[in-house]
Amino acid sequence: MSQLHVINHPLVQHKLSIMRDKNTGSKDFRELLREISLLMGYEVTRDLPLEDVEIETPICRTLAKRLSGPKLAIVPILRAGLGMVDGILNLVPVARVGHIGLYRDEETHQPVEYYCKLPDDIENRFVIVTDPMLATGGSASDAITMLKKRGCKNIRLMCLVGVPEGIDTVRRNHPDVDVYVAAVDDHLNENAYIVPGLGDAGDRIFGTK
Ligand code: PRP
Ligand code: URA
């Protein structure tokens with residue numbers, strides 16, 4: 001069964017509170033999202049496998065550790081997921097980046113696919129899907145299904161804010177995918193927005209609206 005990881009580190013919680021504030025502008029919002037993504041990325045990659053390598057320090061030969069693979073891919077769900085890419089790239093600069101474009105239909109709240117461009121060898125990579133908002137869970141579930149159709153087997157979902165129903169939907173649809181969030185909020189409103197949430201993440205990142 002998929003595991004839910006709530007990253008309640010004080011730095012993450014403090015930065016998230018500033019992001020929630022409606023008076024926080026796009027520049028600060030983007031910067032805080034990048035910082036939180038780096039901190040969460042540390043947890044998402046916590047159990048990456050290591051191997052021993054022999055190296056020579058200025059003092060002597062010794063056995064040291066290095067990542068043994070698989071290689072990483074970051075796959076943001078457009079648009080808002082883009083805001084989480086740079087923080088993870090700061091940690092793992094050699095990660096490849098794919099893009100999945102989904103928007104939520106305003107009436108039905110169902111995700112609509114409009115773009116998909118992934119690294120050629122995506123099926124062999126450890127994939128971190130990013131999206132700040134996990135509301136109904138439809139967008140994240142569909143993005144993960146798209147990746148599985150391309151052969152991906154090793155997928156994690158990294159979000160900023162979720163609600164129980166969205167988290168449950170993803171975990172039910174994808175029991176093999178661990179979900180990482182910084183907060184589990186209360187509920188969805190009649191427009192399927194997260195309450196208390198932080199509003200429309202894409203609009204706040206890119207200054208639209
Ligand atoms: C938002 C958000 C998620 C989705 C979450 O994107 O970034 O992708 O809604 O909702 P769900 O869990 O109910 O599917 P949106 O569709 O507003 O597109 P945008 O990022 O381009 O603004
Ligand atoms: N998408 C957002 O950007 N915010 C929400 O609260 C829900 C979906």
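So, Val-6 counts as partly exposed because its relative accessibility is 38%; buried would be under 20% relative accessible area and exposed over 50%, with partly exposed in between, using a 1.4 Å probe and protein chains only. This is a predicted model, where local features need pLDDT of at least 70, side-chain atom pairs count only at pLDDT 80 or more, and totals for chains, interfaces and linings use all residues. Residues are numbered from 1 along each chain as its sequence is written, chains are lettered from A and ligands numbered from 1 in the order written, and side-chain values use heavy atoms, leaving out hydrogens and water.

Val-6 sits in strand 1, residues 4–6 (strands are DSSP runs of E, at least two residues, numbered from the N terminus).

Now over to strand 6, residues 99–104, which pairs with strand 4, residues 72–78, in the parallel sense over 2 bridges; pairing takes at least two DSSP bridges between the strands. Ile-100 in strand 6 stands opposite Ile-77. On to strand 7, residues 111–117: strand 6 runs antiparallel to it, joined by 6 bridges, and Gly-101 has Tyr-115 of strand 7 as its bridge partner. The two strands make a hairpin with 6 residues between them, and His-109 in that turn has a positive phi of about 65°.

What about ligand 1? A polar side-chain atom of Arg-104 is 2.7 Å from one of its oxygen atoms. For Arg-79, a side-chain N or O atom lies 2.9 Å from a ligand 1 oxygen, and for Ala-80 a polar backbone atom is 3.1 Å from one.

Terms used. Helices (H or I, at least four residues) and strands (E, at least two) are DSSP runs, numbered from the N terminus. A polar contact is a pair of N or O atoms within 3.5 Å; within protein, one must be able to donate a hydrogen and the other to accept it, and residues adjacent in sequence count only if both atoms are side-chain atoms.
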